[in-house]
There are 2 protein chains.
Amino acid sequence: MNERPTAACLIIGDEILTGKIHDVNSHVLAQVLFDRGVRLMRIETIPDDVEGIAEAVARLAKQFTWVFTSGGIGPTHDDKTYEGVARAFGRELVVHRELLARMEGRFRSRFGAEAEFGSARTRMATLPEGAQLWVDWDRDWIPLVVVANVHVLPGVPELFAKMVRDAAHRFAGPKIHRRRIYTHRSEGDIADLLSEAQTQNPAVAIGSYPRFDTEAYQVMVTLEGEDPDAVEALKNALLGGLGGFERPEQG
Amino acid sequence: MNERPTAACLIIGDEILTGKIHDVNSHVLAQVLFDRGVRLMRIETIPDDVEGIAEAVARLAKQFTWVFTSGGIGPTHDDKTYEGVARAFGRELVVHRELLARMEGRFRSRFGAEAEFGSARTRMATLPEGAQLWVDWDRDWIPLVVVANVHVLPGVPELFAKMVRDAAHRFAGPKIHRRRIYTHRSEGDIADLLSEAQTQNPAVAIGSYPRFDTEAYQVMVTLEGEDPDAVEALKNALLGGLGGFERPEQG
């Protein structure tokens, strides 16, 4: 197997931990990274706490090729991600002059020359020293802030998804091929067959996912690997034994 | 503030990390724990790997009052949670005789005396030594398996949700009261007011959540604390300054 880049996702948000908001950003990131051949190794959701953010960022940045954070970069008191990232790398927080000028320019064009920009908004341009901006100012109004291998993204889902997709081309590993088999048989009945197949085919990851809320199938089996021929051959070899089909009739 | 119990959620599943399935279980758990006054401190999603599960379970069990795991307890080769939990506590895996008898009994009543139960299903009754079962056999067909302070739950969402809700009464801390204020003003315009209010009212947690996909409001502000009068008073004090309202007109 080739060297595959790895990633971690750090969701920063009391609103997720207190059940106010259901995180969708990690799911979008997982789908994009899978498509790009990057192995997402963990997702962590932690509170809005500078020390906790710094600890998690420092640890994950050492352990994985890339880290993606979500949330905590707005103008309010509960936005602590830049401070946490700065502390993780032992850097100072400094006002990014170009970003501040862009933000002020946008603000003035919307609300007029007399409107008060305010110190709170300046917080959004106060970044860890040496941060890079990935941005096309003709298209974007928020930059993707990059500190070492850490990519700092907003928690607002539509912004997160857009920015991850825009940046996706920068992240790539060997493509992973996936096939799915569905069956009406139960996991208990197919477990031995799958276990044997996994032992015989270590280069294809076999997953088994039961459902009880549909008549369309009882188990979805997934096959994932770098060699498309190996994945396809294993799919064909398993279809009969699983009593399987490649598309569920419904649901 | 009273002593508040804490919790961690450990989602075990390659299917989440590869973007095949969007986890909903952590969100259900977050809502239930919030309602019960338990502080969910972190959610971690990790691969189907025994070593990784053991490391996470051991670490989280030490750090928090309760741990809840999701996934990896089926009969197939990719189900490794019981093995990981056993290793986390240095315990052996042993067949739980009563659980096995219950499972076999249910299987025979559905598929007949001649059907082959099979060794794969026995894996589902092979638990860390000393595990407790929380179950009402008149109602449930899967027990909630408890090892020390770790609660092992299935990944299938409808089972996870049902079992968490059935067990919710066992987990309780001081009730947390929550109020929400919505406003059409932007985060940048209300940030100073919120920051000042947070400093003045350390016992009420103030959260600020912008949205850009609705006309109903621009920011949701949440107030959470143990003293209902303090939360209510702060809500009333902030409503005017925020140009706020308590229910959005739509969306």
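Let's start with one pair of residues: Tyr182(A) stands opposite Phe245(A), which lies in strand 12 of chain A. Keep in mind that what you are looking at is a predicted model.

**The four-stranded sheet of chain A**

Strand 9 of chain A, covering residues 177–183, pairs with strand 12 of chain A in the antiparallel sense over two bridges. Both belong to an open sheet of four strands in chain A, with the order 10-11-9-12 and antiparallel pairing. At its edges you will find strand 10 (205–210) and strand 12 (244–245), each pairing on one side only. Helix 9 of chain A (residues 228–242) packs on this sheet and touches strand 9, strand 10, strand 11 (219–225) and strand 12. The direction of helix 9 makes about 5° with that of strand 9 of chain A.

Twelve strands form an open sheet with mixed pairing, in the order 6(A)-7(A)-8(A)-3(A)-1(A)-2(A)-2(B)-1(B)-3(B)-8(B)-7(B)-6(B). Why is one side of strand 6 (132–134) of chain A, and of strand 6 (132–134) of chain B, left without a neighbour in the sheet? These two strands stand at the edges and each has a single partner strand, so one side of each has no neighbour there. From one strand to the next, the twist averages 20°.

| Strands | Sense | Bridges | One facing pair |
|---|---|---|---|
| Strand 2 (39–46) of chain A and strand 2 (39–46) of chain B | antiparallel | three | Glu44(A) and Glu44(B) |

On the chain B side, helix 2 (residues 25–35) packs on the sheet and touches strand 1 (6–12), strand 2 and strand 3 (66–70) of chain B. Its direction makes about 165° with that of strand 1 of chain B.

**Where the chains meet**

Lys20(A), His22(A) and His77(A) supply 14% of the area that chain A buries against chain B, more than any other three residues.

Charged and polar groups meet here too. Six salt bridges are found across the interface. One of them links Glu224(A) with Lys20(B), whose closest N and O atoms are 2.5 Å apart. There are also 25 residue pairs in polar contact across the interface.

Technical notes. Residues numbered from 1 in each chain as written. Chains lettered and ligands numbered in written order. Predicted model: local features only at pLDDT ≥ 70, side-chain atom pairs only at ≥ 80, totals over all residues. Heavy atoms only, no water. Buried area = accessible area lost by both parts, 1.4 Å probe. Salt bridge = Lys/Arg side-chain N within 4 Å of Asp/Glu carboxyl O. Polar contact = N/O pair within 3.5 Å; in protein donor to acceptor, adjacent residues only side chain to side chain. Pairing = 2+ DSSP bridges. Contact = heavy atoms within 4.5 Å. Axes fitted to C-alpha atoms, helices over the stretch in contact; angles between N-to-C directions.
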